[in-house]
Amino acid sequence: AQITSTGRLLLDSMLLVLAAEFLFRGVLHGMLAQKSRIQSCSSRFFISWPNFGTAFLYALLLPLLTFFQNDIFYPYAITIKHVTIYTAALIFGLLLGSVWERSHSFLAAFFIHFLAVLAILFLPDLLNAIGPVWHR
């Protein structure tokens, strides 16, 4: 059976999110959290060092990926767009790390990450499709 382009996009998105969560929340966060104090569901909210470290690495990876969309890689061509992406990725990484620490569940962080990817992929088209409804 052949997979449609939307099905392929969903499957690729799910696998990418699964790989990212496994690497950053599962492996890296797990290694850093072995000797550090992290949050639990009953503790007060704070940002642990493992959470900050994995969020920083996650945020560092995303802007680097945008550089490779061009044919030529310019490591010093950082624009305000890259700084904005880095900042958003850092905040999102801190959120995902906090979800993982407080729930102690890989699936909770995966689910939130996957919902965010789905929103990025499909929300613009959905809003354009229903756009005329808002202008009545």
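Tutor: Happy to; we can go from the whole chain to a few residues.

Tutor: This is a predicted model, where local features need pLDDT of at least 70, side-chain atom pairs count only at pLDDT 80 or more, and totals for chains, interfaces and linings use all residues. Residues are numbered from 1 along each chain as its sequence is written, and side-chain values use heavy atoms, with hydrogens and water left out.

Student: How many helices and strands does the protein chain have?

Tutor: There are 4 helices and 0 strands. Helices (H or I, at least four residues) and strands (E, at least two) are DSSP runs, numbered from the N terminus.

Student: And where is confidence lowest and highest?

Tutor: It is lowest in α2, with a mean of 81, and highest in α3, at 88. The protein chain averages a pLDDT of 82; pLDDT is the predictor's confidence in each residue, from 0 to 100.

Student: What span should helix α3 have?

Tutor: Helix α3 covers residues 80-103, and its 24 residues should span 34 Å at 1.5 Å a residue. The expected span is 1.5 Å times one less than the number of residues. The end C-alpha atoms of α3 are 34 Å apart, which agrees.

Student: What follows α3?

Tutor: His-104 does, and its phi is positive, near 55°.

Student: New topic: which residues make up the largest nonpolar core?

Tutor: The 8 residues are Ala-20, Phe-24, Ala-55, Tyr-58, Ala-59, Ala-89, Leu-90 and Leu-94. Helices α1 (5-33), α2 (49-67) and α3 are the elements that give two or more residues to this core. A nonpolar core is a set of buried Ala, Val, Leu, Ile, Met, Phe, Trp, Tyr and Cys residues joined through side-chain atoms within 4.5 Å.

Student: How much of the protein chain counts as buried?

Tutor: Of its 136 residues, 27% do. Buried means under 20% relative accessible area, exposed over 50%, and partly exposed in between (1.4 Å probe, protein chains only).

Student: What about Asn-51, buried or exposed?

Tutor: Asn-51, which sits in helix α2, is buried, with a relative accessible area of 0%.

Student: Which side chain does Asn-51 join in a polar contact?

Tutor: That of Ser-98, at 3.2 Å. A polar contact is a pair of N or O atoms within 3.5 Å; within protein, one must be able to donate a hydrogen and the other to accept it, and residues adjacent in sequence count only if both atoms are side-chain atoms. Ser-98 is also one of the buried residues of α3.
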